[in-house]
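My notebook is open, and I have a few things to look up here. Let me put the model on the page before I start.

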Amino acid sequence: MSTVSTKRRLTAGAALVVAALMTTTACGGGGDSDGDGGSAKGAGFNAAFNKVANPSTKTGGTLKMVGKQDLDSADPQRAYYGMAWDFMRFYTRQLVTYDTKPGVASTKLVGDLATGPAEISDDGKTYTYKLRDGLTWEDGSKLTSKDVKYGIERIWATDTITGGPQYLMQTLDPKGEYKGPYKDSSPDKLGLKAIETPDDNTIVFKLPKPNGDFEQFLAMPSGSPVKASEDTKAKYTQRPFSSGPYKFESYKPNKSIVLVRNDKWQKSSDPVRAALPDKITVTISANLEENDKKLMDGDYDVDLNGTGMTQSGRVTAIQKHKDSVDNMQTSFVRYVALVHAAKPFDDVHCRKAVFYATDFAALQQVRGGDVAGGAIANSALPASIKGHSDYDPYGVLARKGKPDLAKAKDELKQCGKPDGFATKLTARNNNPGEVDTAEALQAQLAKVGIKVAVDPINGAEAASISGSPSVVKQRGYGMTMSGWGPDFPSGQGFGQPLWDSRFLSETGNYNESQLEDPQIDKLFDQAIAETDADKAGEIYGQIDKRILDQADWMPFIYEKNITWRGKRLTNVYMSDAYNGRYDYVSLGVVK
C-alpha cells in the first residue's frame with residue numbers, strides 16, 4: 001500500500017470516529033443490544049473521566065481481562081510496564097501507594113502497609129514509617145519491616161533481578177557498595193546500611209542527599225516486601241507470594257493468569273483495596289481486532305494493556321455502544337527530539353524553524369484527531385505533571401496548530417540555511433501510526449526546504465538505534481519521533497531521562513536530543529532536592545520553559561485513547577497515577 005493511501009485511510013478513520021461522536025447520543029446507539037455483556041446499561045460516554053462510573057460495594061463474580069501483551073514480569077522488583085504496576089495492586093502492597101480516586105486526585109500518596117506517609121527529618125534525608133497492625137502474607141504469617149527491607153534489597157541483585165526501575169538503588173546507594181541479598185554475608189541477608197528496621201513495625205530510610213520524590217519510588221512495585229523464605233530468585237516471577245487481597249492460582253506466561261482471593265488478607269489492615277471480585281482472570285491474545293470484538297460482546301470486561309481500541313473497534317464501539325466508551329486521557333506525550341549533535345541542529349534557529357514549519361493540526365489528524373489521537377501539545381510536560389503550563393512561545397495553540405511558514409523561513413535565514421537543509425528522521429514501524437505521522441511531518445517541512453528522509457526502525461531495537469548516540473551519528477539521524485510517559489507523576493519521573501545530560505548513555509539512551517545543558521541539570525538538582533511538591537513544580541516549569549525556548553524537544557500530541565468500559569464493571573475511573581488507565585484494584589463486576 002502506498003504512503004498516500006495509508007494516510008488517507010488513517011485520516012478517514014479519524015473522521016469516522018469524530019462523526020460517530022457527533023451523531024450518537026450521550027448514551028449511544030445499541031447500548032442495550034444483545035451480546036453486550038447481558039447486564040446493566042453502560043454508564044454513558046466518558047463516565048469514568050474524573051468521576052466514578054457505576055459505584056458499588058457489591059462483592060463476588062469474576063473480573064475478566066484480556067490483553068495483547070503479557071506482564072513484562074510478575075515479580076514486583078522486575079516489572080516496568082505501567083499496566084503491570086497497575087495489575088500488581090491486586091497482590092502486592094507498598095509502604096505508601098496512590099489514592100483510589102479519579103483523575104489527578106489519584107496522584108496523592110497515602111499509607112498502605114504504613115499508617116501514613118513518612119515522618120521526614122528536617123534535612124530531608126531520613127524517612128521513618130510505622131507499619132499497620134494485622135499485616136499478613138498469604139500463608140497467614142506476619143508481614144514485618146524486615147520483609148519490606150528484603151524486598152527492596154532484591155533490586156541490588158542486578159545479575160538476577162533484572163528489568164525493573166532502579167531509583168531506590170540509585171538514591172540509597174549511589175556508589176553501588178551493596179551487592180544484594182544473594183551476595184549478602186550478614187546472617188539475615190539484611191546488610192543494606194541505608195535501611196534500618198529497629199523493630200518489626202518500624203522501618204527507617206537514610207538518604208545520602210535529599211530527594212523530594214523518594215516516596216514516589218517507594219510507591220512503585222519495586223518497593224514491595226518479599227518474604228525471604230519464599231524468594232525463588234529469578235523464578236519468583238512464576239509464582240509471587242501475595243501480601244494483597246488476591247493470590248495466584250495459576251500463571252501461564254503469554255497465555256493466562258488466574259488470581260483468587262487470599263483468605264489470609266485482612267481488610268482491616270488495608271484501607272486502599274476494595275477487593276470486590278472473587279476471581280480475576282487474564283487472557284493474553286495478540287489478535288487486537290478479535291479482542292475488541294470480544295470486549296464488545298461481553299466475553300471480557302476490560303483491556304489489561306489499556307492502550308485503546310483498534311481503528312475498526314473504536315468506530316464500532318462509538319457508533320453502537322457509546323455508553324460503554326471512555327476517551328482515556330493518558331500522560332503520554334508524542335514528540336520529536338532534535339539531535340543537537342547533528343548539524344545544523346546545533347543551531348537554535350534551525351531547530352526553531354522545525355517548530356514553526358510543523359503543522360501540528362495535521363499531525364493530530366493523522367494520529368486520529370482530538371478524540372482518538374489527542375490534544376495538540378505546547379508544554380513539554382503532560383498536564384498531570386506539576387510544571388505544565390500554557391506557555392506557547394511558537395504560537396502553536398494561538399494558531400490552532402497551523403504552521404507559520406514565514407517565521408520558519410526567517411529562522412532558516414538566521415541559521416545560515418535560507419534554502420533549507422537535509423536530515424533524517426527515525427520512526428518506529430511497530431508503533432501504530434508513527435511512520436505515517438513522520439511522513440506527514442516530512443511533507444510539511446519540505447514546504448520550507450527542509451528535506452527529511454524517514455527511516456522506519458523496529459521499536460524493539462530502538463534502544464540500540466535511536467537510543468545509541470554513536471549509531472545516530474553513524475546513520476546521520478537528526479530527528480527522532482517517539483512517545484514518553486512518566487514513571488511517576490513528577491518532573492523527575494517524566495523529564496530527567498529525556499533532558500538531563502547525566503542520563504546520556506551509549507545504549508538505551510532516552511536523552512535523544514543529546515542535551516548537555518548545565519542550566520537544565522542544575523534545575524533538576526534543585527527540583528529533586530525540594531520536598532515541597534508545589535515548589536518543585538515551579539522549578540520543573542522553568543525546565544519546561546527552557547526546553548521550549550531552546551527548541552530542544554518538540555512535543556506535538558498529548559495522547560488520548562478510545563477504550564472500552566465493560567457493562568458489567570463497577571467502580572470504574574481513570575487514574576492519572578497510572579497514566580490514565582483504569583485503577584484495576586477498585587474494579588468490581590455485576591454478577
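In what order do the four strands of the open sheet stand? I read β4-β5-β7-β6, with antiparallel pairing; two strands pair if DSSP finds at least two bridges between them. Before going on, I note that this is a predicted model, where local features need pLDDT of at least 70 and side-chain atom pairs pLDDT 80 or more, while totals for chains, interfaces and linings use all residues. Residues are numbered from 1 along each chain as its sequence is written, and side-chain values use heavy atoms, leaving out hydrogens and water.

I looked up the edges next: β4 (119–120) and β6 (195–199) each have a single partner strand, so one side of each lacks a neighbour in the sheet. Strands (E, at least two residues) and helices (H or I, at least four) are DSSP runs numbered from the N terminus. I find β4 joined by two bridges to the antiparallel β5 (residues 126–130), with Ile-120 opposite Tyr-127 of β5. Helix α3 (residues 145–153) packs on this sheet and touches β6 and β7 (202–206); contact is heavy atoms within 4.5 Å. The direction of α3 makes about 165 degrees with that of β6 (axes are lines fitted to C-alpha atoms, for helices over the stretch in contact, with angles from 0 to 180 degrees between N-to-C directions).

Now the cysteines. I find one disulfide, a pair of cysteine sulfur atoms within 2.5 Å: Cys-350 and Cys-415, with sulfurs 2.1 Å apart. Cys-350 sits in helix α8 (residues 348–357) and Cys-415 in the loop between α11 (405–414) and β14 (422–428), 65 residues apart. Their link is right-handed, with 80 degrees about the S-S bond. Why do I call Cys-350 buried? Its relative accessibility is 0%, and buried means under 20% relative accessible area (1.4 Å probe, protein chains only; exposed is over 50%, partly exposed in between). Cys-415 is buried too, at 12%.
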